[in-house]
Amino acid sequence: MAIGDGAELFLTGGLSVRADDNIFLVENGDSDVIFDIAPGVELTFGKDSQLKGALTATVAFSNYTDNGNLNTVLAGGDFVAKYDDGKLKLGFNTGFHEVNQNSADTRGLTRRDIWSANLTAEVEATQLTSVGTGLMFNHESYRKATFSDSDSLTVPINLYYEWTPKIDASFGYRYRDYQVDID
């Protein structure tokens, strides 16, 4: 559905059926059939402009046929914005996602929340070269006290050289700091 000039609203969704022969990831594992339903919405803006972006949100329902205690409802959302005028490219995105992971240790699902934020920039230095950098942050927070939360900070620096119109050569350096909360 169009909303004004350059903005559109979409209803999204996914429907799937999975057969899993080892839901707890153990020897002689239990099998189950899982029904996944994931309705969502997406708002895009900036069609045919230098500044474009999207705001998305989903809710995922997972229903186990034989192991109803594993049924979950997980939410997720992202915001993405990009600017490109030919000489300067800027990007920003942030997101939140609830994730479940099968675990042999707990014979159940291990839940964690993932927060992320990224900022990138690339500028044309000459007609054949450009320089890019960014700042990327991720935080993973587990719901169970026996698991450790973590933070990751990454700063990339890249140099690009246009060898031919279809081939770029690049050289980059990436700094990464990863910290785990251990009690």
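**Polar contact, aromatic pairs and a surface patch**

Analyst: In this predicted model, the side chains of Ser 152 and Arg 176 make a polar contact at 3.4 Å.

User: Where does Ser 152 lie?
Analyst: Ser 152 belongs to strand β8, which covers residues 150-164.

User: And is Ser 152 buried or exposed?
Analyst: Ser 152 has a relative accessible area of 8%. Ser 152 is therefore buried, because that term applies to values under 20%.

User: Which residues is Ser 152 in contact with, leaving aside its neighbours within four places in sequence?
Analyst: With those neighbours set aside, Ser 152 is in contact with Met 136, Phe 137, Asn 138, Arg 176, Asp 177 and Tyr 178.

User: Which strands hold Phe 79 and Phe 92?
Analyst: Phe 79 is in strand β4 (residues 72-84), and Phe 92 is in strand β5 (residues 88-103). The two residues are 13 residues apart, and their pair links distant parts of the chain.

User: Why do Phe 79 and Phe 92 count as partly exposed?
Analyst: The relative accessible area is 28% for Phe 79 and 35% for Phe 92.

User: What about Phe 96 and Trp 115?
Analyst: Phe 96 and Trp 115 form a tilted aromatic pair, with 4.3 Å between the centres and 45 degrees between the planes. Phe 96 lies in strand β5 and Trp 115 in strand β6 (residues 108-124), so this pair ties together parts that are 19 residues apart in sequence. Trp 115 is partly exposed, at a relative accessible area of 46%.

User: Last one: which residues make the nonpolar surface patch of about 440 Å²?
Analyst: That patch is made by Leu 15, Ile 37, Val 59, Phe 61 and Val 73. Among them, Val 59 has its place in strand β3 (residues 51-64). Val 59 counts as partly exposed, at 30% relative accessibility.

Note on methods:
Residues are numbered from 1 along each chain as its sequence is written. This is a predicted model: local features need pLDDT of at least 70, side-chain atom pairs count only at pLDDT 80 or more; totals for chains, interfaces and linings use all residues. Side-chain values use heavy atoms; hydrogens and water are left out. Helices (H or I, at least four residues) and strands (E, at least two) are DSSP runs, numbered from the N terminus. Buried means under 20% relative accessible area, exposed over 50%, partly exposed in between (1.4 Å probe, protein chains only). Rings of Phe, Tyr and Trp (its six-membered ring) pair if their centres lie within 6.5 Å; planes under 30 degrees apart count as stacked, over 60 as edge-to-face and the rest as tilted. Patches are made of residues with over 30% relative accessible area and no salt bridge: like charges are joined within 9 Å, nonpolar side chains (Val, Leu, Ile, Met, Phe, Trp, Tyr) within 5 Å. Accessible areas come from the Shrake-Rupley method with a 1.4 Å probe; for residues, only the protein chains shown count as cover. A salt bridge is a side-chain nitrogen of Lys or Arg within 4 Å of a carboxyl oxygen of Asp or Glu. A polar contact is a pair of N or O atoms within 3.5 Å; within protein, one must be able to donate a hydrogen and the other to accept it, and residues adjacent in sequence count only if both atoms are side-chain atoms. Contact means heavy atoms within 4.5 Å.
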